[in-house]
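Here is a short briefing for a first look at this structure. Keep the view open while reading the points below.

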Number of protein chains: 2
Amino acid sequence: MFTEILRNLTCETPGAIGSVLMGYDGIAISSHFLPGDDLDVQMIAIEYGNVLKEIRNAAAVLSIGEMEEVNIQTRRYRFVIRAITEEYFVVLALDREGNFGKGRYVLRRDNERLREALQ
Amino acid sequence: MFTEILRNLTCETPGAIGSVLMGYDGIAISSHFLPGDDLDVQMIAIEYGNVLKEIRNAAAVLSIGEMEEVNIQTRRYRFVIRAITEEYFVVLALDREGNFGKGRYVLRRDNERLREALQ
């Protein structure tokens, strides 16, 4: 179920490299990678999981509303990260020229399906 | 000079609340706020400055290229954050319905001017 959702959202996004559904504890539930790039999306999700926790905590302290989405752009990649539940988030990795807008859209669209699948 | 750039990019972005040019040490160089929202953009920039440092360090460790931009979306606000130099970053805060794409565009556009002004 998770794998199917991740496969679809990865394949539908031009320039996507892979996606991971992960717990804030750094344990991945499921992932889907396209062949071709040696980017370790799983390792990136683990590293950025800690950062997400801090963004979430800061949002609570600052009373600016619950964290929903974080995007990170580096010189080589883009990452669309979406909080699914209190415990899980999804990371979609794209190459620099990937369709960032489409990536954001598919993650928003599949948010509810992933949430339901987690219950 | 800084103030003028921040004023322009804030006023040009529909739904913008304010912008801050800040050091990773939490000291603001300049800021511009529009009246109406009681959001403390300066406090948010301080909180997220630490998070940015971690995102930057993680990018270095993971060899995924230098961090350029981070976006954070909460239930109430959107933040477009851009690394200007090794020491400084800029935060543009928008309300939830603000024009996120325009905000990203103006920060990219004024990146070089801010960098030059910092030298």
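Over all chains, a search of the whole structure finds 18 salt bridges. The model is predicted.

**Salt bridge between the chains**
- Arg96(A) and Glu68(B) form a salt bridge, and their closest N and O atoms are 2.4 Å apart.
- This pair crosses between chains.
- Its chain A end, Arg96(A), sits in the loop between strand E5 (88–95) and helix H3 (100–118) of chain A.
- Its chain B end, Glu68(B), belongs to strand E3 (residues 67–74) of chain B.
- Arg96(A) is partly exposed, at a relative accessible area of 27%.
- Glu68(B) is buried, because its relative accessible area of 12% falls under 20%.

**A salt-bridge network**
- Four residues are linked in a network of salt bridges: Glu66(A), Glu68(A), Arg75(B) and Arg96(B).

**Salt bridges within chain B**
- Asp110(B) pairs with Arg109(B) in a salt bridge, with 3.0 Å between the closest N and O atoms.
- Asp110(B) is buried, with a relative accessible area of 3%.
- Arg109(B) is partly exposed, with a value of 34%.
- Arg115(B) and Glu112(B) also meet through their side chains in a salt bridge, at 3.4 Å from N to O.
- Both Arg115(B) and Glu112(B) lie in helix H3 (residues 100–117) of chain B.
- They are 3 residues apart there, about one turn of the helix.
- Arg115(B) counts as partly exposed, at 28% relative accessibility.
- Glu112(B) is partly exposed too, with a relative accessible area of 41%.

**How the two copies are related**
- The same surface serves both copies, as 100% of the contact residues of chain A recur in chain B.

**Helices H1 and H3 of chain A**
- Helix H1 (residues 2–12) of chain A packs with H3(A) at an angle of about 175 degrees.
- Their axes are 10 Å apart.
- H1(A) is therefore roughly antiparallel to H3(A), since the angle is over 145 degrees.
- On the H1(A) side, the contact is made by Phe2(A), Glu4(A), Ile5(A), Leu9(A) and Glu12(A).
- On the H3(A) side, the contact residues include Lys102(A), Val106(A), Leu107(A), Arg113(A) and Leu118(A).
- Across this contact of H1(A) with H3(A), 8 residues are nonpolar, 6 are charged and none is polar.

**Ile84(A)**
- Ile84(A) is found in the loop between strand E4 (77–83) and E5 of chain A.
- Is Ile84(A) buried or exposed? Ile84(A) is buried, with a relative accessible area of 2%.
- Which residues does Ile84(A) contact, leaving aside its neighbours within four places in sequence? They are Leu21(A), Phe89(A), Val90(A), Asn111(A), Leu114(A), Arg115(A) and Leu118(A).
- Ile84(A) and Glu116(A) are 32 residues apart in sequence. In space, they are 9.6 Å apart, C-alpha to C-alpha.

Technical notes:
Residues numbered from 1 in each chain as written. Chains lettered and ligands numbered in written order. Predicted model: local features only at pLDDT ≥ 70, side-chain atom pairs only at ≥ 80, totals over all residues. Heavy atoms only, no water. Contact = heavy atoms within 4.5 Å. Helix = DSSP H or I, 4+ residues; strand = E, 2+ residues; numbered from the N terminus. Buried < 20%, exposed > 50% of the residue type's maximum accessible area, 1.4 Å probe, protein only. Axes fitted to C-alpha atoms, helices over the stretch in contact; angles between N-to-C directions. Parallel < 35°, antiparallel > 145°, perpendicular 65-115°, else oblique. Nonpolar A, V, L, I, M, F, W, Y, C, P; charged D, E, K, R; others polar.
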